[in-house]
Amino acid sequence: QEYILKGVVNASVGQMSDSREHLKLAQQYFQLVGASASECDTIPGRQCMASCFFLLKQFDDVLIYLNSVKAYSYNDPVFNYDHGIALAANENYKEAEESLLIVTDENIKQEYCYLSWLARCFIYNGKPREAWELYLKMESNTDSFAMLVLIANDCYKTGAFYYAAKAFDVLERLDPSPEYWEGKRGACCGVFQQVIARKEKKEHLRDIIIMLRNNASTPQAEFMIRVMRKWANENGLNIGP
């Protein structure tokens, strides 16, 4: 127990201060316990090995050890949290979402780390709206900005262009960086293509045009609006003035 405590303390200090030395010490303490003959087949021993590999970012190995004690830890919110993150880091988003959603500890559920992994799972599982709703419930701070960046990039990668455009639009208003305009422009084009292919709601084209009006002084935005309005008029879609 002494070594487990030392491992936990060093891991906490290492993560808070971004200290490689403390993280390495934590990894060594966890390995010392998990690999010992007296603890290797116990639940704490296997959890220690999982923690060791977690710090090494070797998530295949993390899952081997966590899965071996899953039957005994189903109601443990910390276990479900760790298990969900390891699954998501291994791109098993369906099971990761299931594991994260059964976390019952409200303190964990308020942490940005939890929210960001859950948002990523929602996006990769085809539920970008749920990820957007997570962002809307957050207070405006550095975490909410980071969540916008995550949603914008992950939605773009997965072809959820409508929510990527919404996220890039807010990011651009908060920080008028050229890269956010480029992301927004690409996402708006993606929505338009999906509307034409009948893979996206026509009504979303109205929202896209409103977003582009925030860049009305940009020739590219003006051109995109004209093209979208022309298509809408030709296809009987009323998008307003």
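**View 1. Salt bridge between Glu106 and Lys109.** The side chains of Glu106 and Lys109 form a salt bridge, with N to O at 3.6 Å. A salt bridge here is a side-chain nitrogen of Lys or Arg within 4 Å of a carboxyl oxygen of Asp or Glu. The model is predicted: local features need pLDDT of at least 70, side-chain atom pairs count only at pLDDT 80 or more, and totals for chains, interfaces and linings use all residues. Residues are numbered from 1 along each chain as its sequence is written, and side-chain values use heavy atoms, with hydrogens and water left out. Glu106 and Lys109 are three residues apart in helix α7 (residues 106-109), so about one helical turn separates them. Helices (H or I, at least four residues) are DSSP runs, numbered from the N terminus. Glu106 is partly exposed, with a relative accessible area of 46%, and Lys109 is partly exposed as well, at 27%. Buried means under 20% relative accessible area, exposed over 50%, and partly exposed in between (1.4 Å probe, protein chains only).

**View 2. Salt bridge between Arg120 and Asp154.** In the salt bridge of Arg120 with Asp154, the closest N and O atoms are 2.6 Å apart. This pair links distant parts of the chain, 34 residues apart: Arg120 belongs to helix α8 (residues 112-124) and Asp154 to helix α10. Arg120 counts as partly exposed, at 24% relative accessibility, whereas Asp154 counts as buried, at 1%.

View 3. A network of salt bridges links Asp169, Glu172, Arg173 and Lys184. Within helix α11 (residues 161-174), Asp169 and Arg173 lie four residues apart, about one turn of the helix. The side chains of Asp169 and Arg173 meet in a salt bridge at 2.9 Å, N to O. Asp169 counts as buried, with 5% relative accessibility, while Arg173 counts as exposed, with 55%. The structure holds nine salt bridges.

**View 4. Helix α10 against helix α12.** The axes of helix α10 (residues 142-158) and helix α12 (residues 178-196) come within 11 Å and cross at roughly 40°. Axes are lines fitted to C-alpha atoms, for helices over the stretch in contact, and angles run from 0 to 180 degrees between N-to-C directions. α10 and α12 are therefore oblique to each other. Angles under 35 degrees count as roughly parallel, over 145 as roughly antiparallel, 65 to 115 as roughly perpendicular, and the rest as oblique. Phe145, Val149 and Tyr156 of α10 meet Tyr180, Gly183, Gly186 and Ala187 of α12. Contact means heavy atoms within 4.5 Å.

View 5. Lys57 is found in the loop between α3 (43-55) and α4 (59-68). Phi of Lys57 is near 60°, a positive value in a residue other than glycine. Lys57 is exposed, with a relative accessible area of 62%. Arg198 is found in the loop between α12 and α13 (204-213). Phi of Arg198 is also near 60°, a positive value in a residue other than glycine. Arg198 is exposed, with a relative accessible area of 78%.

Definitions and conventions: Helices (H or I, at least four residues) and strands (E, at least two) are DSSP runs, numbered from the N terminus.
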